[in-house]
Amino acid sequence: EYSAIESYSKAVELDPSLALAHIYLARAFILTKQYERALISIQQGLEFNPAHNSARQMLADLQKVLNR
């Protein structure tokens, strides 16, 4: 059985331009309290879809958690 992190990581590996794969990977990292990794993933997702509102909110929330 694959974890969400493994599944979304594979999706990103297969097609790095899939914004939603980066965003969902970030959510999986948040759920496992891997906030630095989540920050990287959400930033990558926003590079491909800068208008994704929930991703922008997730980025703002992560920056607060990480005091940035």
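Lysine 10 and glutamate 13 both lie in helix α1, three residues apart, which is about one turn of the helix. Their side chains meet in a salt bridge, with 3.6 Å from N to O. The model is predicted: local features need pLDDT of at least 70, side-chain atom pairs count only at pLDDT 80 or more, and totals for chains, interfaces and linings use all residues. Residues are numbered from 1 along each chain as its sequence is written, and side-chain values use heavy atoms, with hydrogens and water left out.

**Salt bridges**

- A salt bridge is a side-chain nitrogen of Lys or Arg within 4 Å of a carboxyl oxygen of Asp or Glu; by this rule the count comes to two.
- Buried means under 20% relative accessible area, exposed means over 50%, and partly exposed lies in between (1.4 Å probe, protein chains only).
- Glutamate 36 and arginine 68 also meet through their side chains in a salt bridge, at 2.8 Å from N to O.
- This pair links distant parts of the chain, 32 residues apart: glutamate 36 is in helix α3, and arginine 68 is in the segment after α4.
- Glutamate 36 is partly exposed, at 40% relative accessibility, whereas arginine 68 is exposed, at 56%.

**Overall fold**

- The chain has four helices and zero strands, where helices (H or I, at least four residues) and strands (E, at least two) are DSSP runs, numbered from the N terminus.
- The radius of gyration is 11 Å, close to the 11 Å that the globule rule gives for 68 residues, so the chain is as compact as a globular protein of that length.
- That radius is taken over C-alpha atoms, and the globule rule is 2.2 Å times the number of residues to the power 0.38.
- Along the principal axes, the C-alpha atoms fill a box of roughly 35 × 25 × 15 Å.
- Buried residues make up 32% of the 68 residues.

**Nonpolar core**

- The largest nonpolar core has 17 residues, and those with the most contacts inside it are Leu39 and Ile42.
- Helices α1 (4–14), α2, α3 (35–48) and α4 (53–65) each supply at least two residues of this core; α2 gives the most, with six residues.
- Such a core is a set of buried Ala, Val, Leu, Ile, Met, Phe, Trp, Tyr and Cys residues joined through side-chain atoms within 4.5 Å.
- Isoleucine 42 touches His22, Ile23, Ala26, Ala55, Met58, Leu59 and Leu62, not counting residues up to four places away in sequence; contact means heavy atoms within 4.5 Å.
- In soluble globular proteins, nonpolar side chains tend to be buried together.

**Surface patch**

- Tyr8, Leu20 and Tyr24 make a nonpolar surface patch of about 240 Å².
- Tyrosine 24 lies in helix α2 (residues 19–31) and is partly exposed, at 31% relative accessible area.
- Patches are made of residues with over 30% relative accessible area and no salt bridge; like charges are joined within 9 Å, and nonpolar side chains (Val, Leu, Ile, Met, Phe, Trp, Tyr) within 5 Å.

**Positive phi values**

- Lysine 33, in the loop between α2 and α3, has a positive phi near 60° and is exposed at 62% relative accessibility.
- Asparagine 67, in the segment after α4, has a positive phi of about 55° and is exposed at 71% relative accessible area.

Key
Areas by Shrake-Rupley, 256 points an atom, 1.4 Å probe, with all protein chains shown as cover.
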